[in-house]
Amino acid sequence: MEQREKSVSPFSNKNRNAYVLEHLTDSLLALLADKPLNEISISELCDAAGVGRTSFYRNFETKEDILKAHITFLFHGWMDELAKNPGLPLDRVVYQVFSHLEGNRDFYGLLYKRGLTYLLKDILLDLCGFNPEQDVVSAYSSAYVAFFLYGWIEVWLRRGMRETAAELAGYLKTAASGSASIPPPAPPDSPSDPPWRSG
């Protein structure tokens, strides 16, 4: 008896779920371009996506979860590249990460515009392997890399995404070589005494 490869119906659970995820993500990004996340209701999102609220809650608890899933999906592209080349120096990691960010500039610019860059922090911690149960060196090392990347991404977004991946990798090399210095802290806005000294 000859066996045939099993074909997947266009209405299979797998295809239906992929449809729901894709349409919810696309619709949320389109709505987010017009208004802040807190002004988008679940009903409005589901109507725009052409899916029911049950489908939303089957896959996500919050609207932020949709964005986190999309970020994780996008991040896996550069994470897979890094996995093929373990032990890359940090300047090469910065180059890989910011090449990815440049390629998805519109999405990350939208996150920044809507005050949602904080979503990157937990995802970076997960992707860098942070776990509070790790041995002390591993826990602090993975947190160091995650927060370093998060900090650079935040600054890059605040500066208007001007620097290229190659420039940022070069800045890191300069800083690591010891030829860069930390600027002194800015003076306070007013020379007045702290509030606890007034009286």
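Biologist: How many helices and strands are there in the protein chain?

Modeller: Helices (H or I, at least four residues) and strands (E, at least two) are DSSP runs, numbered from the N terminus, and by that rule the protein chain has nine helices and zero strands. This is a predicted model, in which local features need pLDDT of at least 70 and side-chain atom pairs count only at pLDDT 80 or more, while totals for chains, interfaces and linings use all residues. Residues are numbered from 1 along each chain as its sequence is written, and side-chain values use heavy atoms, with hydrogens and water left out.

Biologist: What share of the 199 residues in the protein chain is buried?

Modeller: A residue is called buried under 20% relative accessible area, exposed over 50%, and partly exposed in between (1.4 Å probe, protein chains only); here, buried residues make up 34% of the 199 residues.

Biologist: Turning to one helix, what span should α9 have, and how far apart are its end C-alpha atoms?

Modeller: The expected span of a helix is 1.5 Å times one less than its number of residues, so the twelve residues of α9 (residues 165-176) should span 16 Å, and this agrees with the 17 Å between its end C-alpha atoms.

Biologist: Which residues of α9 are buried, and what do they pack against?

Modeller: An α-helix has 3.6 residues a turn, so residues three or four places apart point the same way. In α9 the buried residues are A165, L168, A169 and L172. They lie on the same side of α9, because they cover an arc of only 100 degrees around the axis (taken from the directions from the helix axis to the C-beta atoms). Judged by contact, meaning heavy atoms within 4.5 Å, these buried residues pack against α5 (90-103) and α8 (136-158).

Biologist: Where is G109, and which residues is it in contact with?

Modeller: G109 is in helix α6 (residues 105-113) and counts as buried at 18% relative accessibility. Apart from neighbours within four places in sequence, G109 is in contact with L157 and M161; although G109 and M161 are 52 residues apart along the chain, their C-alpha atoms are separated by 8.2 Å.
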